Amino acid sequence: MTLRLRDTEATLEIGRRLGRLLRAGDLVVLTGGLGAGKTTLTRGIGEGLGVRGAVTSPTFVIARIHPPLGDGPELVHVDAYRLGGVTELDDLDLDAELDEAVTVVEWGAGLAEGLADDRLEVTLTADPATEERTMEVRTVGERWSASEVEALLSEGSGT
């Protein structure tokens with residue numbers, strides 16, 4: 001499915017909706033160029049999950065854990081940009097947290113797919129002339145119903 005997001009607030013809102021859909025054990029693999037909205041979407045996911053701490057671009061930290069404020073799962077936010085390959089991702093030992101957390105991996109295409117058979121693969125593209133973004137979502141595995149994800153995300157998406 002493909003969504004057009006008119007601005008940063010629409011990207012945050014889609015992230016919030018996605019966060020309310022996600023549960024412990026879920027993996028989201030984010031792809032997109034610099035400034036495409038990966039961290040903005042992740043910030044919305046954190047708000048939707050109700051986690052503690054500001055979700056920011058993990059520039060100096062490869063993985064950051066945001067504990068839940070309530071009964072929900074924690075958010076593990078990973079920046080795979082500086083990783084040299086799957087071995088370095090494996091060295092982060094994300095599998096230890098995977099069942100108990102929602103894991104979002106920025107720059108994860110080609111690296112993070114092996115972490116889970118069930119995942120959402122999200123590609124963001126920014127229009128350089130505007131704040132508009134295109135968000136493509138691909139569901140992988142039995143956990144996800146493409147029609148349910150599409151219905152949740154497209155409702156009032158700012159398109």
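Before going on, a word on what we're looking at. This is a predicted model, where local features need pLDDT of at least 70 and side-chain atom pairs count only at pLDDT 80 or more, while totals for chains, interfaces and linings use all residues. Residues are numbered from 1 along each chain as its sequence is written, and side-chain values use heavy atoms, with hydrogens and water left out.

Back to Glu13. Which residue does Glu13 pair with at 3.2 Å between the closest N and O atoms? That's Arg16, in a salt bridge, meaning a side-chain nitrogen of Lys or Arg within 4 Å of a carboxyl oxygen of Asp or Glu. Both residues lie in helix α1, residues 8-21, and they are 3 residues apart, about one turn of the helix. Helices here are DSSP runs (H or I, at least four residues), strands are too (E, at least two), and both are numbered from the N terminus.

Glu13 also meets Arg20 in a salt bridge, at 3.7 Å from N to O. Arg16 is buried, with a relative accessible area of 17%, whereas Arg20 counts as exposed at 55%. Zoom out a bit and you get a network of salt bridges linking Glu9, Glu13, Arg16, Arg17, Arg20 and Glu47. Over the whole structure, the search finds 9 salt bridges. One of them joins Asp7 to Arg6, with the closest N and O atoms 3.8 Å apart.

Now, the inside. The largest nonpolar core has 25 residues; such a core is a set of buried Ala, Val, Leu, Ile, Met, Phe, Trp, Tyr and Cys residues joined through side-chain atoms within 4.5 Å. Leu22, Leu41, Ile45, Leu75, Val122, Met135 and Leu153 touch the most other members. Elements giving two or more residues to this core include α1, β2 (27-31) and α5 (146-154). There's also a second, separate core of 12 residues, with Val78 and Leu111 among them.

Take Leu153. Setting aside neighbours within four places in sequence, its contacts (heavy atoms within 4.5 Å) include Met1, Ile14, Arg17 and Met135.

Last stop: where is Ala109 found? In the loop between β5 and β6. Ala109 is partly exposed, at 43% relative accessibility, and beyond its neighbours within four places in sequence it is in contact with Val29 and Thr31.

Key: Buried means under 20% relative accessible area, exposed over 50%, partly exposed in between (1.4 Å probe, protein chains only).
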